[in-house]
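Subject: Handover of a structure and its findings

Dear colleague,

Please find below the structure that I am handing over to you.

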Amino acid sequence: MTLKTAIIGCGKVGHFHAKAYEQLENSTFCAVFDRDLSRAKDFAEQYGVKAYDDISEMIKNEGINVVSVCTPHPVHAEVAIEAANAGCHILVEKPLASNLKDCDAILGAASKTNVKVGTVCQRRFYRPCLRIKKAIDDGKLGRPVLGTVTMLGWRDKAYYDSDPWRGTWDGEGGGVLVNQAPHQLDLLLWYMGDVEEVYGLWRNLNHPYIEVEDTAVAVIKFKNGGIGNILVSNSQNPALYGKVQVYGENGASVGVQTDGGAMFIAGVSSITEPPYNDQWTVQGEESLLSGWQQEDRDFFNSQDSMYYYHQLQINDFLTSITESRPSLIDGLAGRKTVELIEAIYRSTESGLPVKFPLK
């Protein structure tokens, strides 16, 4: 079964979705939407599709089944709800929204119209990330009792000047937590499970020209009895790495470096270093690590890695619709990440731990 696909928001990340929709056999790429019709026309011309400045009209006229939402974060809810009300399945770029209220509005609209919602976190499809999830599911760590995220990156003034919405509460909804960290936070929650309580702090350490945080830390209690730690920052020049580590009750530990060096910016720069498992002490498997590292690097470098993993996730979402099965990363998973981010913001404001679920 082939689905008719379209894109909402003709910015840099929209090209990742356009290339996937153009190439996938289960997709017929039909149209794009942008509030700026001239921008939509320029984008559409590159792919031989139609341009619109009205979402409902686009979905009706073209018979669209699936849309990708690629707008700035605070606009996700508005356009996703309109698409859901028009009966369209929705794949939303991370984060699902910039606050929990908007997440619930999206999920509520989708529930009423019986359409699927997915959230883009393509790093779940990295081989080393999948290897960790399988090890946990197979019981190789016992119960995961400690999870950590360490993301030490850098964003300069030119980055924040590249789009007028960057670095503002109204335009972006937050800083490093909302824009750069959702991938690693999603992995942490995927591995460790639901959260019980969070104490967090954010600061702007060395970006006085933006309103939002460039650094955040948090301590987490998980519902499975485990604990966790988060350190995410855009204040290290040059950028160092992004890592997610999980430690099991049997003493085994596994980890992944999802990003190394300068973290890529959609439509601007490329991925600096391939992802790899940076630690693996599962009993009897310690000697496999170096081989996996080489295999994963070779595979990653054999693909157009800027687009390949987006394409894997988009294909998974389309297939989940045609086969009536769950997608790997649904709207609820996206909501959980936003709930964690919002909890850190609330904890900073109150100076107290925040219990889940958030009200």
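How many Å apart are the mean positions of the positive and negative charges of the protein chain? The mean positions of the 34 positive and 45 negative charges are 4 Å apart. Here Lys and Arg count as positive and Asp and Glu as negative, while His and the chain ends are not counted; each charge is placed at NZ of Lys, CZ of Arg, CG of Asp or CD of Glu.

Please note that this is a predicted model, in which local features need pLDDT of at least 70 and side-chain atom pairs count only at pLDDT 80 or more, whereas totals for chains, interfaces and linings use all residues. Residues are numbered from 1 along each chain as its sequence is written, and side-chain values use heavy atoms, with hydrogens and water left out.

Overall fold

The protein chain has 13 helices and 14 strands (DSSP runs numbered from the N terminus: helices are H or I of at least four residues, strands E of at least two). Its radius of gyration, at 20 Å, is close to the 21 Å that the globule rule gives for 359 residues, so the chain is as compact as a globular protein of that length (the radius is taken over C-alpha atoms, and the rule is 2.2 Å times the number of residues to the power 0.38). Of the 359 residues, 58% are buried (under 20% relative accessible area, with a 1.4 Å probe and protein chains only).

Annotated domains

UniProt, in an unreviewed entry, lists "domain: Gfo/Idh/MocA-like oxidoreductase N-terminal" at residues 4–117; such annotations may be inferred rather than shown by experiment. That span is 46% helix and 22% strand. The unreviewed entry also places "domain: GFO/IDH/MocA-like oxidoreductase" at residues 130–252, where the chain is 26% helix and 33% strand.

Pro95 is located in the loop between strand 5 (89–93) and helix 5 (100–113), and it counts as buried at 3% relative accessibility. Leaving aside residues up to four places away in sequence, Pro95 touches His73, His76, Val178 and Val338 (contact means heavy atoms within 4.5 Å). Pro182 is 87 residues from Pro95 in sequence, yet their C-alpha atoms are 6.4 Å apart in space.

Pro182 is one of the buried residues of helix 10. In this helix (residues 182–192), 11 of the 11 residues are buried, so helix 10 is largely enclosed by the rest of the structure. Just after helix 10, Gly193 takes a positive phi of about 95°.

Yours sincerely

Methods
Buried < 20%, exposed > 50% of the residue type's maximum accessible area, 1.4 Å probe, protein only.
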